[in-house]
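Dear colleague,

I am handing over the structure we spoke about, with the sequence alongside.

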Amino acid sequence: MAWLAAGEGYEISLEDGRVIARRVGGRQLKTLPKALRDSAEADRLRQLAEWLDRHAASCVAQVDAWMVSSLPVPTELIARVWPDEAWQAALRDMAVVGDDPDEVGFLRDVTADGELKVVDLDGETVRLSPRTVTLPHPVLLPDLDDVRDFAADLGITQKVEQIHRATWTRPDGSHGPDGERPETATEVRDYAGGKFASRFGLAARATGLGYRVSGGYATCKVRDGGRSTEASVWIGEPYWDGESETGGLSWHDEDGRAVRLSEVGPVAWSEGMRMAAALYAGRTIEEGGDA
């Protein structure tokens, strides 16, 4: 940022989210002078820093939503937001797919003409200008292990967890609880029974991980294959102040009807299992001979 006049011969600016100062035209001071700490100019910069943090977080959240739902994103939109550093940080190095679903590349830059510059899996930099691109969920990528190895060779780092996102694939013929037949099963209990000291702690873990808590469930919505599906894990009755534990994982359609496991889409399955596993990971681990 540019240096802004702050009175009394000082100038202030933002650096890594904090207010810094210098004498007019001089070198940066090690600390912010007391006369400036509560000044209106410094306060406005702090508010700007807070807004920039919220903006950066919202960019990451939006790109994550595009990726989780594998929604087509207009190439023109990506080109328009690219000059914004927050958008650029969220989008750079994301795996994208254009007109050919088998051609995956990592987004590195956008040209002045609005073309996307990507590095394909042959290591070549190519330009894409389709009407839309998708940021595919990793469970949909063929040869995901090879893509991960290539990303490691390139030193790819992503603001949005995509390539190295934990994924789960629905097993064929899996049974529900109590030996329920695969064609009628609607619940998975792989991560049920994780004990927590309180329901409040379990709910706090869910919200801290970015999931919504509604009634007695932690939930996440996914758009998969053109339809919206909500995965939910039982976490206990609201306002219950005793011990609680994770329950079964199930999926519901837009009308609230339970979806059979055999009909759950690959992205909805993976994201639901990811949520259930993340909640279960915070359980109380018993120690000692009776553990």
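What follows is a short account of a sheet, a helix that crosses the sheet, some aromatic pairs and some salt bridges.

This is a predicted model, in which local features need pLDDT of at least 70 and side-chain atom pairs count only at pLDDT 80 or more, while totals for chains, interfaces and linings use all residues. Residues are numbered from 1 along each chain as its sequence is written, and side-chain values use heavy atoms, with hydrogens and water left out.

The sheet

An open sheet is formed by five strands in the order β10-β16-β14-β13-β12, with antiparallel pairing. Helices (H or I, at least four residues) and strands (E, at least two) are DSSP runs, numbered from the N terminus, and two strands pair if DSSP finds at least two bridges between them. At the edges are β10 (187-188) and β12 (212-214), each of which pairs on one side only. Strand β14 (residues 227-234) is joined to β16 (residues 249-252) by four bridges, and here E230 stands opposite H252, while S232 stands opposite S250. On β10, which two bridges join to β16, it is E187 that stands opposite S250.

The helix across the sheet

Helix α7 (residues 266-280) lies across β10, β13 (217-224), β14 and β16, and runs at about 155 degrees to β13; axes are lines fitted to C-alpha atoms, for helices over the stretch in contact, and angles run from 0 to 180 degrees between N-to-C directions. A276 has its place in this helix and, at 4% relative accessibility, counts as buried (buried means under 20% relative accessible area, exposed over 50%, and partly exposed in between, with a 1.4 Å probe and protein chains only). Leaving aside neighbours within four places in sequence, A276 is in contact with Y191, V233 and L249, where contact means heavy atoms within 4.5 Å.

Aromatic pairs

Rings of Phe, Tyr and Trp (its six-membered ring) pair if their centres lie within 6.5 Å, and planes under 30 degrees apart count as stacked, over 60 as edge-to-face and the rest as tilted; by this rule there are five aromatic pairs. One of them is the stacked pair of F106 and F150, at 6.3 Å centre to centre with 25 degrees between the planes. This pair links F106 in strand β6 (residues 104-110) with F150 in helix α5 (residues 144-154), 44 residues apart, and both F106 and F150 are buried. The rings of Y217 and W234 have centres 5.0 Å apart and planes at 75 degrees, so this pair is edge-to-face. Because Y217 lies in β13 and W234 in β14, the pair ties together parts that are 17 residues apart in sequence.

Salt bridges

Eleven salt bridges were found in a search of the whole structure, a salt bridge being a side-chain nitrogen of Lys or Arg within 4 Å of a carboxyl oxygen of Asp or Glu. Among them, D93 and R108 meet at 2.7 Å, N to O; D93 is buried at 6% relative accessibility, whereas R108 is partly exposed at 32%. R165 and E271 meet at 2.9 Å, N to O, and link the loop between α5 and β10 with helix α7, 106 residues apart. Salt bridges that share partners join D64, E161, R165, E271 and R274 into one network.
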